[in-house]
Amino acid sequence: MKHKIRVEMNANEVQWLYSQDWEYYDYGNCKRHLQIIFPFRQEMSKDEKYPLILFIPGSAWHKQEMYNDLPQYALLARRGFVIAAMEYRESDIAPFPAQIEDVYNALNFIPGIADLFHIDADKVFLMGNSSGGHVAMMSVLFHGHGLCKALPKISGVICESGSTDLLICAKEELPAWMTVRPSAVLLGVDTIEGNEELARKASCSMYISEDIELPPILLLHSECDPIVSVANSRTLYEKLMECHHNVSYYELAENDAHGGAVYYDSVILDIVEDFCKKA
C-alpha cells in the first residue's frame, strides 16, 4: 500500500554533525584523538558559537571505547554544546598523573579548531564519568595547586559516578570480571595495600581546601552504584561544602546504574544544561 506523508523541517532546529579521530597529541609511542560532535543548523551563521564540553570517558583508566556513546553525546550537542570526547593514555602505558597532561594537551589543541566547529573557547567545561570523572576533578585540583601546566579557564566540572577517592575504591569488592584493581594499575603498583599514601595523593579530597580556587562543580551518582560506591561522591561533596566551594550534588535514588543511558535521560540533561548556563 502506498502512503504519502508530509514532514515539516525547521531550518533553525539544532541538529548535530560528527567529525572523527582528530589527533590532538602524538606522544611517540601513541597518538591520542578527539571525537567531535557539534551543533548544526541549516541557517547557521559563521560567527555562531557554542560552549565546549571536553568529555573524558570512563574506562577504569584502561583503554577507552571511543565510539559506542556517540549517539548519547549527540543529545548534548542538540542542546547547544560542542562535545569533544577525548582519548587519554591508559594506565597500562602511562601511570597517573599522565592523564592530567592529556587534558592539558587536549585543551591546548582546541583553539586551533575552535572556528571550524563553532566553539566558544571562553566557555569550556570538563565532564567525565567513572574514571573520567576522577581525571576531570584531579585536573582542576592539580591546576589549583600549581601541580600541572596551567589549564585555560574552566567554566565548570561535571563529574558522574566519579571514582574520586582511591582509598574508598580499594575497600570495595572487585567485580567478578576484574582480576586486578584498576586503581593499583593507575598508580603503577601491585596493590593499594601498603601504598595508601600514594593512593591518597591521587584522590580528590586531599587537595580541597578553602584557599584553592575551583570552578563550579556538578556531581551526579547513583545511590546503589555497584561499580563505584556512592561514598565517593558523598565524601567529595561534603569536603567541597566544608571548604565553601560552589558544588551541586544530585543522587539518583534507588538507582544502580553506573553511567549509561540513564545519565542521558532528559531529567539529567536538563540538570547539566542548567548548570552550564548558570556557571
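In this predicted model, H244 is found in the loop between α7 and β8. H244 is exposed, with a relative accessible area of 62%, and has a positive phi of about 65° although it is not a glycine.

**Around helix α7 and strand β8**

- Helix α7 covers residues 231–242, and strand β8 covers residues 247–252.
- E242 belongs to helix α7 and is exposed, its relative accessible area being 51%.
- Although E242 and I208 are 34 residues apart along the chain, 9.4 Å separates their C-alpha atoms.
- Y237, which is partly exposed, has a relative accessible area of 26%.

**Aromatic pairs**

- The structure contains eight aromatic pairs.
- One of them joins F96 and F142: the ring centres are 5.7 Å apart and the planes stand at 75°, so the pair is edge-to-face.
- F96 lies in the loop between β4 (82–86) and α2 (98–109), while F142 lies in helix α3 (residues 131–144), so this pair ties together parts that are 46 residues apart in sequence.
- F96 and F142 are both buried.
- Y237 and Y249 form a tilted aromatic pair, with 5.6 Å from centre to centre and 40° between the planes.
- This pair links distant parts of the chain, since Y237 is in helix α7 and Y249 is in strand β8, twelve residues apart.
- W22, F38 and F117 are linked into a cluster by ring pairs.

**A charge over a ring**

- R89 places its charged end over the ring of Y27, at 3.7 Å from the ring centre.

- P97 has its place in the loop between β4 and α2.
- The peptide bond that leads from F96 to P97 is cis, and its omega is near 10°.
- Helix α2 has twelve residues and spans 17 Å from its first C-alpha to its last, which is close to the 16 Å expected at 1.5 Å a residue.
- Nine of the twelve residues of α2 are buried, so the helix is largely enclosed by the rest of the structure.
- The buried residues of α2 are A98, Q99, I100, D102, V103, Y104, N105, A106 and L107.

**Other local features**

- H118 is located in the loop between α2 and β5 (119–129).
- H118 counts as buried because its relative accessibility is 12%, whereas H244 is exposed.
- L167 is part of helix α4 (residues 166–170) and is partly exposed, with a relative accessible area of 26%.
- L167 and A202 are 35 residues apart in sequence, and the distance between them in space is 9.4 Å, C-alpha to C-alpha.

**The largest pocket**

- The volume of the largest pocket is about 550 Å³.
- Its lining is made up of 31 residues.
- A60, S130, I227, V228 and H258 are the lining residues that lie nearest the centre of the largest pocket.
- By residue type, the lining of the largest pocket divides into 15 nonpolar, ten polar and six charged residues.

**The second largest pocket**

- The second largest pocket has a volume of about 220 Å³.
- V140, H143, G144, P152, K153, I154, S155, E213, L214 and P215 line the second largest pocket.
- Five residues of this lining are nonpolar, three are polar and two are charged.

How values were computed: Residues are numbered from 1 along each chain as its sequence is written. This is a predicted model: local features need pLDDT of at least 70, side-chain atom pairs count only at pLDDT 80 or more; totals for chains, interfaces and linings use all residues. Side-chain values use heavy atoms; hydrogens and water are left out. Rings of Phe, Tyr and Trp (its six-membered ring) pair if their centres lie within 6.5 Å; planes under 30 degrees apart count as stacked, over 60 as edge-to-face and the rest as tilted. Helices (H or I, at least four residues) and strands (E, at least two) are DSSP runs, numbered from the N terminus. Buried means under 20% relative accessible area, exposed over 50%, partly exposed in between (1.4 Å probe, protein chains only). A charge sits over a ring if NZ of Lys or CZ of Arg is within 6 Å of the ring centre and within 35 degrees of the ring normal. On a 1 Å grid over the protein atoms alone, a cavity is a set of points where a 1.4 Å probe fits but cannot get out, and a pocket is an open set with protein on both sides within 12 Å along at least five of seven lines; lining residues have an atom within 4 Å of a point. Grid points are joined across faces, edges and corners, and a volume is the space filled by probe spheres set on the points. Ala, Val, Leu, Ile, Met, Phe, Trp, Tyr, Cys and Pro count as nonpolar, Asp, Glu, Lys and Arg as charged, and the others, Gly among them, as polar. The expected span of a helix is 1.5 Å times one less than its number of residues.
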